[in-house]
Amino acid sequence: MNRPISSFREHFESLVDVAFKTLSTAEVLACELIGEDSQFVRLNAAKVRQAGQVQDASLRMRLFLRRDEGVRSLENTFSLTGDWKSDESRLMAVISEMQNEVQRVPVDPYAVLPTNRGQVSQIEEGKLLNSEEVCDRLLSDCVGLDLAGIYAAGAVIRGTANSLGQRQWFYAENFSLDYSLYTPAEKAVKSTFAGSRWNRSEYLQDLDQSKRLLSAMENKPIRLNRGNYRAYLAPAAVADLVGMFSWGCVSERSIRKGESPLRFLRTGERRLSSLFSLTEDFTLGVVPRFNGEGDIAPERVPLIEQGHLVGSLVHSRTASEYGISSNGATAGEGFRSPSMDPGNLKREDILKSLGTGVYLSNLHYLNWSDSFEGRVTGMTRYACLWVEDGEVVGPIETMRWDDSLYRFFGSELLAITDFRSVIAETSTYHHRQLGGMLMPGILLKEMNFTL
Amino acid sequence: MSAKNLNKILNEICISPELKKAEWIGLREVRERHRSFVGQDGKIRDISSDNTHGIMVEVFFHGQMGYSASPSPHVSAVLESAIRALRQAQAASKWSVAPFDFGASSPRVRPVAKGHYASPKSVSTMSPAAISELVVMMSGRMQKSSKIVQTLAYIDCLDGESRLVSTSGTEIEQELEGIILHFQATAQDGSITQKRSDGENLQGNQQYLTDPSLWLRVDRVAEQSLELLSAPECPNETTSVVLMPSQMTLQIHESIGHPLEIDRILGDERNYAGWSFVRAKDFGNLQYGSKLLNVTFDPTVSGELASYSFDDGGNPAKREHLIRDGLLIRGLGGLESQTRSKIPGVANFRASSWNRPPVDRMANINLEPGSSSFDQIISSIESGILMDTNRSWSIDDYRNKFQFGCEYAKRIQNGKITHTIRNPNYRGITTPFWNGLKMVGEASTLYTHGTPNCGKAEPNQVIRVGHRSPVCLFENVEVFGGAK
Ligand SMILES: [Zn+2]
């Protein structure tokens, strides 16, 4: 790129200033910048498969045209090179094309005109490994291990600005090592070591913990029959289940359109366990509170309290369509950083309380069996163990399960751990995603295994 | 920029003494534009254009690849990027999982290739305003009843180009146009909600957008969403199942395509998507399905979503049988995976965009037609269920135990289709399932589907794939319905 990512703030602000000067009084322009300077090292067999760096920035602009008959709008996103001359001339060409086209598109009755949400600046500097020492620092401590995974690190930027004066900026430097370790019989454990400051002793601790868990996987695998079993789900497994709430469950639009399985909570026909409380919680600090349009969410948005639906994620467009207020949700009305309330099950009591049943560290490939009813299927994966009378017997062979959110967080929920883990977002589709979840473990009276 | 211009940049940066130690340098430039139009409930919901452009530099040092990608096409920025890529390769070479031989002037994993690919052109007679009107009309037309609570119509027009040049003399240009069309209706009655959808995923060829038959399909989606509200639940039983091409595409994708990816077999993917029950020794030996199962890798089908002439390693693409008469014979691995595994592969080393390195991907994975007509298939069934249009999919990390759900089903009794069934699901285990393949539809039952959303790899990449399949009949399948 023609400039370092850390200097994109002024580039972005100068570009949008040029854009705003071209607008007529009937036009409003909202802009968003997404960018990163990332390093990726893909690992297999505790060696490097592919290593590289990606610099990327793109500018998203939404133009609104106000006329007596209503508002028209359209959006354009393009890659920025960091070079002033080429980015400025591209910007001017895009704006003039949008100004032409917007006049001919249909009126959008639910278009939400931007407002000025003010100035925000959040800068989280980290201390990351030098890009040329990453391989040595990651792998020197893994000799003799069968490790696979991905190290992703670097700066991530988000900015918004609109022609009414809004300016928001988010800059964070962070890393994640999302990895798994394998026994010769292909049993595996999973961990994610993530943060903003690399610390070798913490890294070694994380590896040690994974190695200890791996040793429990060396016993002969146990084949379970289909049926219902008592189960403990560790925080990473709970995070996968709670992730399903982002698929059209806590979305206000989905509830109103009859698609969300939580619509039965709103009507009072059903309820979840009084132990279960879920919040969209920006106090985790892993993601900007502003969305792509610059709407700012409250620090905490309570969604489920003691089994009752007390809130939902409302995007400005849904708010406009139904005449309600938005709470700064993204257009998809999914979570950005949810947290689930802890309970009182102590770590040392988990196996004893489980008694005889399955201990599930991770789940895999969740999808709906019946989305409208909240029935989910998925697999067990990584460290999933058979426990008898509070003692680990050995790993289980992979099982398919199929059960309902109304049972996981309702009728079958016996206890929630008194500790929680941060499950870092490690997704890198299109660009490195931000976010994370703060999740406890849960103990279930019964979970249905089907294949 | 043309491949000639990209080559000029490559020649200019190669003069730099800082790149002297590179064994091989490749530049891959990608430009892609998506124009998306969304109509909802008879109104415009969104109009957007997404334009991405950048250059990936790949450098090999001691047989290890390092990469660096940036949106800037300026020579100075590409040079800077190439130096970063070399340093990544140098740092990684000490820990290389599979160093490749770059001693020869034409290295095996990056062959010298020259050529051009152009997909069929999209008939670009429709202006953005006209396409906006079309999605509004489609979503409006589906609002046939107060029980239809939401309708959606989506069109994504894509055009893209990619160029690959290298220090060993490769010069490739590929151009692509395509249309993704999707429309759906959600119906609700009391506590019952149901959804029905239809669509197309093709290169070029947007005639169907102006063909009157489009409106018959739009009407059918709305009518069937209503029909599902009062349909009985899918029963719990083990029975014969007919899968329409709209579900076969998913069945092929998840339980043939992914498990045959050689990088999964090599373990590259096991921290994310998973690995595979298929082992190197299975090629040439494993009876994957019944004798009726013939599956090809075919990037040469005109109009199918993942057709191309070269993969992103420069390997010329051609049609190959993966499974012949049920026997597994070839894997889905590019030249790097073939070199590492010694398994015969295909030209499928592909990247999602300029900002990701290539890995083994599906392209068009097609199930070849058999000899049974649709009527012959149905009339052969004493009791069974026909399922149409995927709505849910899940499979384990070795690609054995799957569960798939469809939007719409029909009961088959005594050789005839009788009534509609809702919430059809089925589950099974990959090779027993494919060995239960009892009849394969003739060419008249073929339909070409695809998806722009196949996810894989670390860092994550989403890529376009195509699947053409006939109607198929499977025996002894465990089916079941929705929530209790
Ligand atoms: Zn896929």
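Modeller: Domain 1 of chain A and domain 2 of chain A bury about 2500 Å² between them, 58% of it on carbon and sulfur atoms, where buried area is the accessible area (1.4 Å probe) that two parts lose on being put together, summed over both. This is a predicted model, in which local features need pLDDT of at least 70 and side-chain atom pairs count only at pLDDT 80 or more, while totals for chains, interfaces and linings use all residues. Residues are numbered from 1 along each chain as its sequence is written, chains are lettered from A and ligands numbered from 1 in the order in which they are written, and side-chain values use heavy atoms, with hydrogens and water left out.

Colleague: How many salt bridges does the rule find across the interface of chain B and chain A?

Modeller: The rule asks for a side-chain nitrogen of Lys or Arg within 4 Å of a carboxyl oxygen of Asp or Glu. One pair that meets in a salt bridge is B:Glu269 and A:Arg42, at 2.7 Å, N to O. Across the interface of chain B and chain A, the number found is 13.

Colleague: What area is buried between chain B and chain A?

Modeller: In this interface, 102 residues of chain B are in contact with 93 residues of chain A. Within chain B, the residues that lose the most area to chain A are B:Trp95, B:Arg270 and B:Asn271, together 10% of what that side buries. Carbon and sulfur atoms give 44% of the area buried between the two chains, which is about 7900 Å².

Colleague: How many salt bridges does the rule find across the interface of domain 1 of chain A and domain 2 of chain A?

Modeller: The side chains of A:Arg317 and A:Asp108 meet in a salt bridge, 2.9 Å from N to O. Across the interface of domain 1 of chain A and domain 2 of chain A, the rule finds a total of two.

Note on methods
Contact means heavy atoms within 4.5 Å.
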